[in-house]
Amino acid sequence: MSSPTKGAFKGTSPGGPGKSGAFKPRKLKPTQFRYFYERGDFPIQLEHDTKGNKIAWKVDIDKLDYHYYLPLFFDGLCEKQHPYDFFARAGIEDMLTHGKKKVLPVIPQLILPIKNALNTRDPTIVCTTLKILQKLVHSGPRVGEALVPYYRQIMPVLNIFKQQNFNSGDGIDYGQQKRQNVGDLIVETLEAFEKTGGPDAFINIKYMIPTYESCLLN
């Protein structure tokens with residue numbers, strides 16, 4: 001019987017299976033954030049100072065309707081074009097910093113935009129989203145615990161990328177040392193989930209990402 005020839009099965013060769021495309025970035029679609037920004041619906045503008053660009057709010061952040069604005073800004077995590085990417089990410093950071101008790105009730109509305117951003121498979125967007133997730137779980141009491149039921153929606157892409165130690169090349173720095181290594185950021189994020197997610201966090205992380213080792217038990 002003759003040996004199998006190249007192309008005998010789609011995506012395979014005598015040397016083994018072909019690339020699955022799991023790491024291939026998906027095509028980015030226009031975001032609701034961009035639409036509302038271009039329509040002038042956000043009370044924000046770009047401000048320049050000696051440290052560079054920053055976001056200037058036309059209203060008191062504490063008085064914002066978080067149920068309306070925070071999910072829209074999270075939708076902007078899928079943006080890579082200036083100024084949309086800058087406004088979305090800087091706006092999220094400002095709202096998480098000032099939100100206090102306003103963030104927790106909005107968690108269910110944030111899951112879809114978080115999932116969409118991670119599912120782009122774009123290293124720049126994935127890295128930015130991971131940093132935002134770390135800020136999110138530390139933004140207020142019980143926020144980390146509120147995310148636990150949604151791990152199954154958030155973590156499949158993290159499981160795919162966990163062993164990938166490559167840099168995103170993102171030149172944007174939000175006041176922290178540039179951390180662009182996807183694999184390292186995923187471990188940092190999972191550890192933040194475990195530390196803030198309560199007693200059920202580890203077992204749920206382990207279920208979704210079997211290679212994860214506890215940062216609290218060891």
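Analyst: A salt bridge is a side-chain nitrogen of Lys or Arg within 4 Å of a carboxyl oxygen of Asp or Glu. This is a predicted model, in which local features need pLDDT of at least 70 and side-chain atom pairs count only at pLDDT 80 or more, while totals for chains, interfaces and linings use all residues. Residues are numbered from 1 along each chain as its sequence is written, and side-chain values use heavy atoms, with hydrogens and water left out.

User: How many salt bridges does the count come to?

Analyst: One of the pairs joins Lys54 to Glu47, with N and O 3.5 Å apart. Under the nitrogen-to-oxygen criterion, the number of salt bridges is 5.

User: With which residue does Arg34 form a salt bridge?

Analyst: Arg34 lies in helix α1, and its partner is 45 residues away in the loop between α2 (66-75) and α3 (84-99); helices are DSSP runs of H or I with at least four residues, numbered from the N terminus. The closest N and O atoms of the pair are 2.7 Å apart. The partner of Arg34 is Glu79.

User: Is Glu79 buried or exposed?

Analyst: Buried means under 20% relative accessible area, exposed over 50% and partly exposed in between, with a 1.4 Å probe and protein chains only. Arg34, at 22%, therefore counts as partly exposed. Glu79 has a relative accessibility of 3%, so this residue counts as buried.

User: How many aromatic pairs does the count come to?

Analyst: Rings of Phe, Tyr and Trp (its six-membered ring) pair if their centres lie within 6.5 Å; planes under 30 degrees apart count as stacked, over 60 as edge-to-face and the rest as tilted. By this rule the number of aromatic pairs is 15.

User: Are the rings of Phe33 and Tyr37 stacked or edge-to-face?

Analyst: Both residues belong to helix α1 (residues 32-38) and are 4 residues apart, about one turn of the helix. Phe33 is buried at 0% relative accessibility, while Tyr37 is partly exposed at 25%. Their ring centres are 6.4 Å apart and their planes lie at 15 degrees, so the pair is stacked.

User: Are the rings of Tyr68 and Tyr69 stacked or edge-to-face?

Analyst: Tyr68 is partly exposed at 35%, and Tyr69 is buried at 14%. Tyr68 and Tyr69 are members of a cluster linked by ring pairs, which includes Phe33, Trp57 and Phe87. The centres of the Tyr68 and Tyr69 rings are 4.9 Å apart and the planes are at 85 degrees, so the pair is edge-to-face.

User: How many residues has the largest nonpolar core?

Analyst: A nonpolar core is a set of buried Ala, Val, Leu, Ile, Met, Phe, Trp, Tyr and Cys residues joined through side-chain atoms within 4.5 Å. Among the residues with the most contacts inside the largest core are Leu70, Phe73 and Met95. Its number of residues is 60.

User: How many disulfides does the structure hold?

Analyst: A disulfide is a pair of cysteine sulfur atoms within 2.5 Å. Cys78 is buried at 12% relative accessibility, and Cys127 is buried at 0%. The number of disulfides is 0.

Methods:
Helix = DSSP H or I, 4+ residues; strand = E, 2+ residues; numbered from the N terminus.
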